[in-house]
Amino acid sequence: SGLYVLPLGFVESSCRSRIFWMKLNKLLLQGKFFQLEIYDPYSGPVLLDEKLASRCGYVLSEDVWGNPIFRASVLGCHVANEADELFSLTVNIKVSSFSSMRAAVTYTYPMYCSYASWASREIVCEENYMEVSVKTDVPAVSNDYTVAWMSALPETQNVAYQQWQLMFVSPSGRKRITVSDAVKLGYSFNNTLSRVYLRAPYHSNESDVSLVSGVNMNMITSTSMYRQRWLLLLIDTTVSCPVDGISFTDTTLTWTVPRVIPTLVVQESTFLSKSIVIGVDDQVTVNPEEINYLLEHNETHIRITIPIGAEGGKLESSISGGVYGVIYCIDLFLEHTWTDAGWQTTKYTVIKSITTPFMPQIPTVINNTVPEERLFNVAFGHFLPDVSLVAITVGNVPFSLREAQHHSFKIYETPFSNGTKAFILEVSFDDPYVLKEYVNRNETKYTLLVNYTLSVGLEMTLYYHSAEVECVIADIEVPEAVGSCDEENLYLTLPTFGLHQYWDLYLGNKLLTRHVALTNGYLAATNSTHLILQIPLFAGGLIYEEVSFQKIKARFDVALRKVRTMETLEMFSISCSFNSSAFIICHPDGTIMVSAQMKTVPAIDMSKTKLRDSSCKPREYNEAHAFFKFHVTTCGTSVRFEGDHIIYENEISYEKETLPGQSIPIITRDPDYRLTVLCYYQAKETLVLGAFSSDPATSPPFGSGTMFPRSSTAAYRRVRRALNVVSRVSKDECFREFYGPSMTILKQPMEPVFLEVELKDESPSVELYLENCWVAGTPDFNNAPRWNITVDGQVVLNVQLTH
């Protein structure tokens with residue numbers, strides 16, 4: 001090792017009261033190891049350790065910012081003292097890159113302090129020692145008085161000539177020891193030109209702890225004795241220092257010191273407080289109120305209250321049990337000067353380093369997103385400057401900060417006026433790692449899942465915090481369809497954007513796929529933006545709203561439904577009227593409508609055409625057409641089963657008119673006319689019936705009713721003898737879930753009811769036809785009121801039937 005010139009700014013020193021203060025700059029230490037040596041003028045450098053420090057009046061610690069701090073009493077073991085006014089101390093600062101301190105660089109740093117205005121008694125309560133120094137000026141006294149005084153004190157008779165001894169009084173009794181023995185116990189005693197001092201460690205065997213005004217005081221009661229020829233000198237070197245007195249709230253810390261300490265003030269009635277000074281580090285706080293410090297004192301206490309986070313101290317971040325929080329540290333001192341009859345002036349100095357308990361501070365995630373910008377803006381805070389963001393995870397994908405910026409995430413810090421900061425994260429709604437979900441009618445829910453990784457405090461402890469931020473915006477345009485017609489077709493055109501991603505098209509309860517479209521005879525064409533459906537007039541799935549002689553009003557409905565929930569958002573309908581001279585329409589409810597065209601030569605009278613039942617005549621006719629409307633259960637209609645289909649068949653024919661002639665044979669005037677009518681129904685099919693009563697406002701409203709299962713009671717006997725019929729009400733139009741027996745069903749007026757009627761009879765000659773069907777409050781056939789569903793086979797309420 002060698003001697004080197006101190007780097008500029010590496011060391012700062014000052015004199016506060018009668019203490020040397022020295023601070024090392026931690027930045028210039030650059031993480032290296034250091035040791036302090038105290039230079040002894042007689043024996044050279046002495047390595048500073050804890051035992052030497054407390055005995056000799058030295059303190060080595062750190063300030064709240066982490067800078068090494070060295071303090072030394074001007075009465076310290078190795079301090080050079082000139083006339084109790086000028087004091088000097090030299091310290092060697094050894095710096096090494098190795099913990100073993102090899103290859104150390106040594107800097108020599110001398111310190112000088114002047115201190116002339118001593119009080120009669122001065123007490124210093126340091127972090128690791130207590131020190132009392134007392135003025136030793138003794139007035140001249142007569143020899144006779146001295147002899148008498150000495151004879152009155154038998155304990156002093158054995159005091160060695162010209163030798164100091166110490167008398168300790170403790171709960172265990174009195175103990176008198178020589179100065180050299182006291183040093184072995186950790187004490188330091190000496191005298192200067194005009195003073196004598198005792199330095200003691202806290203909690204020695206000779207100490208006692210007592211409660212003074214609610215504060216625990218560590219006290220050593222001692223008398224220093226010195227005999228010199230005709231004089232026996234007895235000096236009270238009692239010292240008492242507070243060991244606690246710190247309390248905390250969520251927002252403040254309070255330091256309490258007793259104002260009057262009984263062991264130090266013998267005649268309390270003569271006590272007079274002269275001044276109270278507080279300070280931070282080595283600087284006196286002239287106006288505590290300016291920095292929100294509160295200094296209060298009364299007859300018993302001196303109390304200092306400081307807001308947590310106030311100037312002079314330091315808030316630092318910490319992690320405890322995986323929870324983020326803060327700790328506040330501050331180094332305070334208090335100087336209390338008083339007078340009393342026994343001691344003239346006493347100057348009492350306490351130096352206290354205070355650290356609050358861990359205070360949890362759960363971070364908050366603030367969503368500052370502006371939906372119109374389609375950009376998540378998330379603030380994560382508040383944090384102290386000693387916290388840094390090191391990584392984020394978005395949608396379970398980890399990113400370093402560099403990777404995050406490269407991916408186009410924007411991350412930056414924003415400061416606040418109170419010295420804290422927040423981390424801002426900006427992520428586009430359209431980023432692939434943002435979760436997107438179609439919700440409601442035309443809205444998207446964007447969800448940002450983010451996990452923050454923070455480095456906290458000087459220890460750089462990693463801390464993790466996850467957040468979930470949602471934003472729902474109406475950014476989906478529900479498609480609108482456009483309809484048109486020509487002479488033979490209906491056309492429906494709608495945008496393809498979002499189809500099969502958000503919505504599907506349904507024809508009744510069937511998903512409208514290309515296969516379904518082809519099966520029904522539709523033509524489907526798509527371009528880059530639209531789907532065009534061409535529906536021929538007599539294709540499957542058409543609803544015939546009005547059918548009359550030579551005129552058909554047809555409607556085509558498709559439902560726009562959500563892909564997942566099947567919820568219907570829109571019904572797209574196109575309705576057109578067509579002129580058609582010949583057609584056959586087979587209604588789902590079994591009604592058949594036929595427009596028959598006369599195609600015979602010579603012409604026949606279309607008014608005289610009929611069905612198999614000759615009483616079934618045309619409802620309308622002209623020279624070339626006849627219009628029939630009948631039900632599959634009437635007019636001689638026959639039925640047969642082929643595979644999965646039920647086929648109803650009838651025939652339109654013309655009865656030839658004969659004219660009597662003059663001779664045989666009879667001459668027929670008209671040609672033969674026969675037209676076979678066939679209607680095909682799937683044997684198991686859901687039929688959508690959308691008819692309403694003529695005046696919905698006056699029709700009986702749906703009420704609440706209870707559905708009962710069929711039983712063999714007498715009330716049903718005539719029904720069960722005829723048909724094995726079971727009916728159920730479905731919860732929706734899919735006919736997958738049904739209301740159970742005795743379950744109440746509530747429906748609003750005009751709200752659809754989904755009713756299933758099933759014929760259990762397996763005989764091929766039996767078919768199901770709902771002639772009269774109603775809802776009633778009880779299973780009694782004659783119960784009133786009742787709400788009709790079908791009357792004479794015609795639907796009168798808005799229902800959906802499956803059979």
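Four residues, Arg-18, Glu-122, Glu-131 and Arg-199, are joined in a network of salt bridges. A salt bridge here is a side-chain nitrogen of Lys or Arg within 4 Å of a carboxyl oxygen of Asp or Glu, and the structure holds 25 of them. This is a predicted model, in which local features need pLDDT of at least 70 and side-chain atom pairs count only at pLDDT 80 or more, while totals for chains, interfaces and linings use all residues. Residues are numbered from 1 along each chain as its sequence is written, and side-chain values use heavy atoms, with hydrogens and water left out.

**The pair Glu-122 and Arg-18**

- Glu-122 and Arg-18 form a salt bridge whose closest N and O atoms are 3.0 Å apart.
- Glu-122 sits in strand 11 (residues 121-125) and Arg-18 in the loop between strand 2 (11-16) and strand 3 (19-24), so this pair ties together parts that are 104 residues apart in sequence.
- Strands are DSSP runs (E, at least two residues), numbered from the N terminus.
- Glu-122 is buried, at a relative accessible area of 3%, and Arg-18 is buried too, at 2%.
- For these labels, buried means under 20% relative accessible area, exposed means over 50%, and partly exposed lies in between (1.4 Å probe, protein chains only).

**The pair Glu-131 and Arg-199**

- A salt bridge also joins the side chains of Glu-131 and Arg-199, at 2.7 Å from N to O.
- This pair links distant parts of the chain, with Glu-131 in strand 12 (residues 130-135) and Arg-199 in strand 16 (residues 195-200), 68 residues apart.
- Glu-131 and Arg-199 are both buried.

**A partly exposed pair**

- Arg-640 and Glu-642 meet through their side chains in a salt bridge of 3.0 Å, N to O.
- Arg-640 is partly exposed, with a relative accessible area of 31%, and Glu-642 is partly exposed at 41%.

**Around Phe-168**

- Phe-168 belongs to strand 13 (residues 165-170).
- With 1% relative accessibility, Phe-168 counts as buried.
- Leaving aside residues up to four places away in sequence, Phe-168 touches several residues, including Gly-173, Tyr-187, Glu-206 and Ile-220; contact means heavy atoms within 4.5 Å.
- Phe-168 and Ile-220 are 52 residues apart in sequence, and their C-alpha atoms are 7.4 Å apart in space.

How values were computed
Helix = DSSP H or I, 4+ residues; strand = E, 2+ residues; numbered from the N terminus.
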